[in-house]
Amino acid sequence: MRSTLRTRRAPHHRRTTAKLAAAVVAGALAFSVTACGGDGDDDGDGRDKGGGKESAAAVELPKLDGQTVSVAAVWGGSERKVFLKVLDEFEKRTGAKVTFVPAQDPIISFLESKVAGGQPPDVAMLPQVGAIDQAVQNKWAKPVGPEAQKQLEKNYAKGWQDLGAVDGKQYGVYFKAANKSLVWYNTKVFENAGAEEAKTWDDFVKTAQTVYDSGVPPISVAGADGWTLTDWFENIYLSQAGPEKYDQLAKHEIKWTDASVKEALTTLGEIFGKKGFVAGGANGALQTEFPASVKQTFTGGDQPKAGMVFEGDMVSLPISETKAEVGTDAKVFPFPAVGDESPAVVGGDAAVALKDNKGAQALLTFLASPDAAEIWAEAGGFVSPNKNLDMAAYPNDVQRDIAKALIAAGDDIRFDMSDQAPQAFGGTPGKGEWKALQDFLKNPKDVEATQKALETSAAAAYKD
């Protein structure tokens, strides 16, 4: 699908503060409580159990008996199971029947086919800021109704409201956030190797070498999912180039052929290009999806396929599907500082109504409330931007501390760069940034060719 997305005119996302980074560091290093993870009693689709626990409702929902609400999302596996529990609670409280519509990346292309066929879902969970903009540009998105708006104003900092607004009008409700600046490691591998948590990039490379020397590939990379590669780049770039450059590159005010991009790719190549550092080599990594990249790090006893895996707080959900226990077998440290400070990159998924009906608006209202956030928070692998969610809902100290830090940051947040881009560049499998970085994983020495490919794709996507 050809992108027609214009750059966003809502207030720009400011840098994540040192306060947020410091709090995340403190929380990560204080990881000592076993994560609850997913509910081990779930059946195949996760819908046989009720939703949230019985407690006073934070929001009143309308009765929708006999109505059907369809929700499209790209979530699969453990994430889908937990989201279905959230939808179960909505059904229980409204009487509506909710249908989950499995979507594929890029979700905008998926929705385009649904709209063209006259069957758009009532609500779509959009994982990119750019996707919200494009849904508005295509005249699919419906503005948030008054009840959902009340919940947003009550429960969300203005920065998170702005992320779901286009030209000053509210369309999105950010239900799920993510801290995308964490490195998770197998404690047994580290103990056997004598490896230590790394605070700087140089230390990280040394730690990887120490793990490699012990006979275990140091790093698991989910190369089949291009979004994980963008997260690698963004964390390095934010820490190394700084927030001002990050903002400029996110808006394509500077080109991907800029020297700062060359420096970041060269730094990333110190890991991707070192023989034996990436589990399965480049070919193996390019066939490894995100859940598998996590699980292969925490299975296999003394000889797992990798010692570390980089990604956000959502890593705890795939870990919960192994025998490993977070806090004992699996621990975490902040992404190492490449420049002066460790980076703190956040992402998120927003609910957007594609039909202007009572059921869609009621679901947006529910998702903007603490009631919905509590259900997923209890399961783990989730951080909510909802400031009125009881922190006791989180299953362990590290997720609680990350959530506290996210809330404390208020309007001062730094959002995932690729998620701010037109989806044709920043969120399409086999194209744009995803494809260029997958090619870079195969050949990390050819930095110049990667830059040229990135700039060519970016120029086309931002052209409008």
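Reader: Why does Asp167 count as partly exposed?

Author: In this predicted model, Asp167 has a relative accessibility of 49%. Exposed would need over 50% and buried under 20%, so Asp167 lands in between and counts as partly exposed. Asp167 sits in the loop between strand E4 (165–166) and E5.

Reader: What makes Lys139 exposed?

Author: Its relative accessibility is 70%. The cut-off for exposed is over 50%, so Lys139 counts as exposed. Lys139 belongs to the loop between helix H4 (129–137) and H5.

Reader: Which residues of H5 are buried, and why say that they line one face?

Author: Ala148, Gln149, Gln151, Leu152 and Asn155 are the buried ones in helix H5 (residues 146–155). Looking down the axis of H5, these buried residues fall within an arc of 160°, so they line one face of the helix. Pro146 and Glu153, on the other side of H5, are exposed.

Reader: What do the buried residues of H5 pack against?

Author: Their partners are helix H6 (158–163), strand E5 (169–170), strand E6 (172–179), helix H15 (358–367) and helix H16 (370–379). Thr365 is a residue of helix H15, and leaving aside neighbours within four places in sequence, it is in contact with Val59, Leu61, Glu147, Ala148 and Gln151.

Reader: How do you know that Thr365 is buried?

Author: Its relative accessibility is 6%. Buried means under 20%, so Thr365 counts as buried.

Reader: What about Lys355: why is it called partly exposed?

Author: The relative accessible area of Lys355 is 30%. That lies between the 20% and 50% cut-offs, so Lys355 is partly exposed. You'll find Lys355 in the loop between strand E11 (346–353) and H15.

Reader: Which residues does Lys355 touch, leaving aside its neighbours within four places in sequence?

Author: Pro120, Pro121, Asp122, Lys142 and Ala360. The side chain of Lys355 also reaches the backbone oxygen of Pro120 at 3.3 Å. As for Trp140, it is 215 residues away from Lys355 along the chain, yet their C-alpha atoms are separated by 8.0 Å.

Reader: Why are H9 and H10 called oblique to each other?

Author: The axes of helix H9 (residues 226–241) and helix H10 (residues 243–250) cross at roughly 135° and come within 6 Å. Roughly perpendicular covers 65 to 115 degrees and roughly antiparallel is over 145, so H9 and H10 are oblique. From H9, the contact uses Phe233, Glu234, Tyr237, Leu238 and Ala241, and from H10 it uses Pro243, Lys245, Tyr246 and Leu249. By class, that contact has seven nonpolar residues, no polar ones and two charged.

Reader: What makes the buried residues of H10 line one face?

Author: Tyr246, Asp247, Leu249 and Ala250 are buried in H10. Down the axis of H10, those buried residues fall within an arc of 165°, so they line one face of the helix. They pack against H9, helix H11 (259–272), helix H18 (417–420) and helix H21 (447–462). Just after H10, His252 takes a positive phi of about 60°.

Reader: How do you know that H20 and H21 are roughly antiparallel?

Author: Helix H20 (residues 432–442) and H21 pack at an angle of about 170°, their axes 9 Å apart. Angles over 145 degrees count as roughly antiparallel, so that is the label for H20 and H21. In the contact, Gly432, Glu433, Ala436 and Phe440 of H20 meet Val447, Thr450, Ala453, Leu454 and Ser457 of H21. Those residues divide into five nonpolar, three polar and one charged.

Reader: Which peptide bond is cis, and where is Pro106?

Author: The bond from Asp105 to Pro106 is cis, with omega near -5°. Pro106 lies in the loop between strand E2 (97–102) and helix H3 (107–116).

Reader: Zooming out, how many helices and strands does the protein chain have, and what share of its residues is buried?

Author: The chain has 21 helices and eleven strands, and buried residues make up 59% of its 464 residues. Among contacts between residues at least 6 apart in sequence, 79% join residues at least 24 apart.

Methods: Residues are numbered from 1 along each chain as its sequence is written. This is a predicted model: local features need pLDDT of at least 70, side-chain atom pairs count only at pLDDT 80 or more; totals for chains, interfaces and linings use all residues. Side-chain values use heavy atoms; hydrogens and water are left out. Buried means under 20% relative accessible area, exposed over 50%, partly exposed in between (1.4 Å probe, protein chains only). Helices (H or I, at least four residues) and strands (E, at least two) are DSSP runs, numbered from the N terminus. The arc is that of the directions from the helix axis to the C-beta atoms. Contact means heavy atoms within 4.5 Å. Axes are lines fitted to C-alpha atoms, for helices over the stretch in contact, and angles run from 0 to 180 degrees between N-to-C directions. Angles under 35 degrees count as roughly parallel, over 145 as roughly antiparallel, 65 to 115 as roughly perpendicular and the rest as oblique. Ala, Val, Leu, Ile, Met, Phe, Trp, Tyr, Cys and Pro count as nonpolar, Asp, Glu, Lys and Arg as charged, and the others, Gly among them, as polar. A polar contact is a pair of N or O atoms within 3.5 Å; within protein, one must be able to donate a hydrogen and the other to accept it, and residues adjacent in sequence count only if both atoms are side-chain atoms.
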